[in-house]
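This report describes the architecture of a single protein model, from its overall make-up to selected side-chain contacts. The sequence and the structure are shown first.

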Amino acid sequence: MSAFDATAERVVHPIEQESFRRLRARLDTSHFPPLTRAVVERVIHSAADLDYADDLVTDESALVRAHAALHEGAPVVVDVEMVAAGITKRETVCRLAEARSAPGLTRSAHAVRLAYEQVGPGALWVIGCAPTALEELLTLDAEPALVIGLPVGFVGAAESKEALRESGLPAVSNISEKGGSAVAAAALNALLYQPPNTLHDQHPPQPERTGHHRHPQPPEHDPRKKETP
C-alpha cells in the first residue's frame with residue numbers, strides 16, 4: 001500500500017472540469033442531495049454512461065454517515081487491486097493475493113474473509129469485480145459503514161446486488177449487470193473528495209432510499225456542432 005496525504009488539497013485538472021461541465025449540460029443533477037449527486041456524477045464521469053442516473057440506488061442518509069466514518073479514518077476494503085488503483089487519497093486493504101480457492105469458495109470470497117479478519121466491523125467495502133465477494137460479505141456480521149456493491153458480469157452480478165439491497169445494509173448499488181472496478185472506485189472517490197464539515201449548509205439528508213435516478217431528456221444536440229475542449 002502506498003501512503004496518501006489525505007489533508008492535501010485536491011487540484012482538479014482542466015480536462016476533468018470540462019468533462020463535468022459537459023456532463024451537467026446533458027444531465028440535470030441539481031435536484032439530488034449533495035452526496036447522492038457527488039456519487040451519481042462521478043460514477044457517470046468514470047464510465048461516460050448517463051444511464052447510471054437511472055441505474056444507481058443510493059440512500060443519502062447512509063452516505064452522510066459513511067462520509068463521516070471515511071473522514072474519521074475508517075478502513076477501506078476492496079475486492080481487487082484494480083479498485084484499489086482507482087482510489088486516491090486513501091490506503092486500502094486487498095487480500096486477494098493471499099486468498100486461496102477451495103470447494104464452494106472462490107478466491108474472491110476467501111479474500112473477503114481474510115480482510116474482515118484484519119479490519120473487523122465498521123469498514124467501507126468497495127466491490128467492483130466479483131459477485132462472489134459481495135455474496136460472501138453478506139454472510140458475515142461485518143457491520144459495514146458502507147458497502148459499495150458494483151460488481152460486473154452476466155452471472156451473479158445483478159443477483160448479488162439485489163441481495164445487498166434486500167439485506168438492509170448501508171449501500172450503493174445498481175440494478176443492472178454492469179458495474180466494474182472504475183465505477184466502484186469512483187463512488188468511493190466521490191465521498192473522499194467531499195471535504196468533511198461541508199454538508200451542514202446543503203440539502204438535508206433524505207431518510208428514504210432514493211431508488212432509480214431518472215434524468216430528464218437531454219437538451220437537443222446537433223451532432224454537427226463540435227464542442228471546443
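Which residue forms a salt bridge with D49, and how far apart are the closest N and O atoms? The partner is K178, and the closest N and O atoms are 2.7 Å apart. A salt bridge is here a side-chain nitrogen of Lys or Arg within 4 Å of a carboxyl oxygen of Asp or Glu. Because K178 lies in the loop between β5 and α9 and D49 in the loop between α2 and α3 (52-55), the pair ties together parts that are 129 residues apart in sequence.

The model is predicted: local features need pLDDT of at least 70 and side-chain atom pairs count only at pLDDT 80 or more, whereas totals for chains, interfaces and linings use all residues. Residues are numbered from 1 along each chain as its sequence is written, and side-chain values use heavy atoms, with hydrogens and water left out.

## Overall architecture

The protein contains nine helices and five strands; helices (H or I, at least four residues) and strands (E, at least two) are DSSP runs numbered from the N terminus. Along the sequence their order is α-α-α-β-α-β-α-α-β-α-β-α-β-α. Of the 229 residues, 48% are buried, where buried means under 20% relative accessible area, exposed over 50%, and partly exposed in between (1.4 Å probe, protein chains only). The accessible surface comes to about 11800 Å², and carbon and sulfur atoms account for 54% of it; such areas come from the Shrake-Rupley method with a 1.4 Å probe, and for residues only the protein chains shown count as cover. Among contacts (heavy atoms within 4.5 Å) with a separation of 6 or more, 65% are between residues 24 or more positions apart.

## Helices and nonpolar cores

Helix α9 (residues 181-193) has 13 residues and reaches 18 Å from its first C-alpha to its last, close to the 18 Å expected at 1.5 Å a residue. The expected span is 1.5 Å times one less than the number of residues. Because 11 of its 13 residues are buried, α9 is largely enclosed by the rest of the structure. The buried residues of α9 include V183, A184, L188 and L192.

A nonpolar core is a set of buried Ala, Val, Leu, Ile, Met, Phe, Trp, Tyr and Cys residues joined through side-chain atoms within 4.5 Å. The largest such core has 44 residues, of which I87, V126, I148 and L188 touch the most other members. Helix α9 gives the most to this core, with eight residues. Not counting residues up to four places away in sequence, V126 touches, among others, V76, I87, I148, A184 and L188.

Helix α6 (residues 107-119) has buried residues that include S108, A111, L114 and V119. The buried residues of α6 pack against β2 (76-78), β3 (124-127) and α7 (131-139). After α6 comes G120, which has a positive phi near 70 degrees.

## Buried polar residues

S173 lies in strand β5 (residues 171-174) and is buried, at a relative accessible area of 1%. The side chain of S173 makes a polar contact of 3.1 Å with that of R165. A polar contact is a pair of N or O atoms within 3.5 Å; within protein, one must be able to donate a hydrogen and the other to accept it, and residues adjacent in sequence count only if both atoms are side-chain atoms. S173 and L150 are 23 residues apart in sequence, yet their C-alpha atoms are 5.6 Å apart.

T29, in the loop between α1 (14-26) and α2 (34-47), also has 1% relative accessibility and counts as buried. A polar contact of 2.9 Å joins the side chains of T29 and R37.

## Salt bridges

The structure holds eight salt bridges. Three of them are listed below.

| Pair | Closest N to O distance |
|---|---|
| R21 and E18 | 2.7 Å |
| K178 and D49 | 2.7 Å |

R42 in helix α2 and E16 in helix α1 are 26 residues apart. R42 is buried at 13% relative accessible area, and E16 is buried at 15%. R21 and E18 are three residues apart in helix α1, so about one helical turn separates them. R21 is partly exposed, at 42%, and a network of salt bridges links E18, R21 and R22. In the remaining pair, K178 is partly exposed at 25%, whereas D49 counts as buried at 19%.
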